[in-house]
Amino acid sequence: MRTSVSRGRARAVGENVSAADERWMRLAIAESLKGMHAGEGGPFGCVIVREGELVSKGHNRVISTNDPTAHAEVVALRRAARRLGRFDLSDCVLYASCEPCPMCLSAIYWARIRKVFFANTKRDAAKIGFADQFIYEELELPLERRKLQMVPLLRNEAVGAFVDWSRKADRVNY
């Protein structure tokens, strides 16, 4: 996607960005500063909106919770799902102060978010020590070439749970 800069702001070419979108992004940025200055984690914030109303917000809480998954987007997604009482957030829009990392991006896809706005890029994050490119590269490698040792074990026993799931009449697909 190409971007253009107007009045100091980068925008996607052809993307219709409203004043409300900018307001929500400013809230995500404020959330990133709130968490960082509180010593809870890195400078990342997120806001989730549905039909023009705030559903949830969150900031990085990795340090304060000792939880490596407590990224701003994951925190906000968990709060939104709990508040709405469902895991399907396809009627929501997410505003992140930075382009989501691979984990957060996966969570966003699983939540079925329909649109994501982000401020800082993954390149901006890499410049301050949050380099996620290696994860993208690792995912492209065969298991035996990854830095993280991946060892298949007891598949024949585990596959039974998948068979049971596929036959479960009341399963909820997600």
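**View 1. Cys-46 and the pairing of β3 with β5 in the predicted model.** In this predicted model, Cys-46 stands opposite Ala-96, a residue of β5. The two strands concerned, β3 and β5, run antiparallel and are joined by 5 bridges. Another facing pair brings Arg-50 opposite Cys-92, again with the latter residue in β5. As for burial, 5 of the 6 residues of β3 are buried, so this strand is largely enclosed by the rest of the structure. β5 is likewise mostly covered, with 7 of its 7 residues buried.

**View 2. The hairpin of β3 and β4.** A hairpin is formed by β3 and β4, with 2 residues between them, and Glu-51 in the turn has a positive phi of about 50°. The pairing of β3 with β4 is antiparallel and comprises 6 bridges. Arg-50, which stands opposite Cys-92 in β5, also has a bridge partner in β4, namely Glu-53.

**View 3. The open sheet and the pairing of β5 with β6.** The strands form an open sheet of 4 strands, in which the order is β4-β3-β5-β6 and the pairing is mixed. At the edges stand β4 (53–59) and β6, each with a single partner strand, so one side of each is left without a neighbour in the sheet. On average, and with direction ignored, neighbouring strands of this sheet are turned by 15° against each other. In general, strands of a sheet pair through backbone hydrogen bonds, either parallel or antiparallel. Here β5 and β6 run parallel and are joined by 5 bridges. Along this pairing, Ala-96 stands opposite Phe-118 in β6, while Cys-98 stands opposite Asn-120 in β6.

**View 4. Helix α1 lying across the strands.** Helix α1, which spans residues 19–37, lies across β3 (45–50), β4, β5 and β6, and runs at about 50° to β5. The strand to which this angle refers, β5, is mostly covered, with 7 of its 7 residues buried.

View 5. The buried residues of α4 are Pro-102, Cys-104, Ile-108 and Ala-111. The elements covering these buried residues include α3, β5 (92–98), β6 (115–120) and α6 (133–140). Just after α4, Arg-112 takes a positive phi, of about 65°.

**View 6. The second largest pocket.** Of the lining, the largest share comes from α4, with 3 residues. By residue class, the lining divides into 14 nonpolar, 3 polar and 4 charged residues.

View 7. Is Val-75 buried or exposed? Because its relative accessible area is 10%, and a residue counts as buried under 20%, Val-75 is buried. When neighbours within four places in sequence are left aside, Val-75 is in contact with Gly-58, His-59, Arg-61 and Ala-70. Val-75 and Ser-56 are 19 residues apart in sequence, and their C-alpha atoms are 8.9 Å apart in space.

**View 8. Thr-65 in helix α2.** Thr-65 lies in helix α2, which comprises residues 62–65. With a relative accessible area of 32%, Thr-65 is partly exposed, because this value falls between the limits of 20% for buried and 50% for exposed residues. The C-alpha atoms of Thr-65 and Glu-40 are separated by 7.7 Å, although these residues are 25 residues apart along the chain.

Key: Residues numbered from 1 in each chain as written. Predicted model: local features only at pLDDT ≥ 70, side-chain atom pairs only at ≥ 80, totals over all residues. Heavy atoms only, no water. Nonpolar A, V, L, I, M, F, W, Y, C, P; charged D, E, K, R; others polar. Buried < 20%, exposed > 50% of the residue type's maximum accessible area, 1.4 Å probe, protein only. Contact = heavy atoms within 4.5 Å. Pairing = 2+ DSSP bridges. Axes fitted to C-alpha atoms, helices over the stretch in contact; angles between N-to-C directions.
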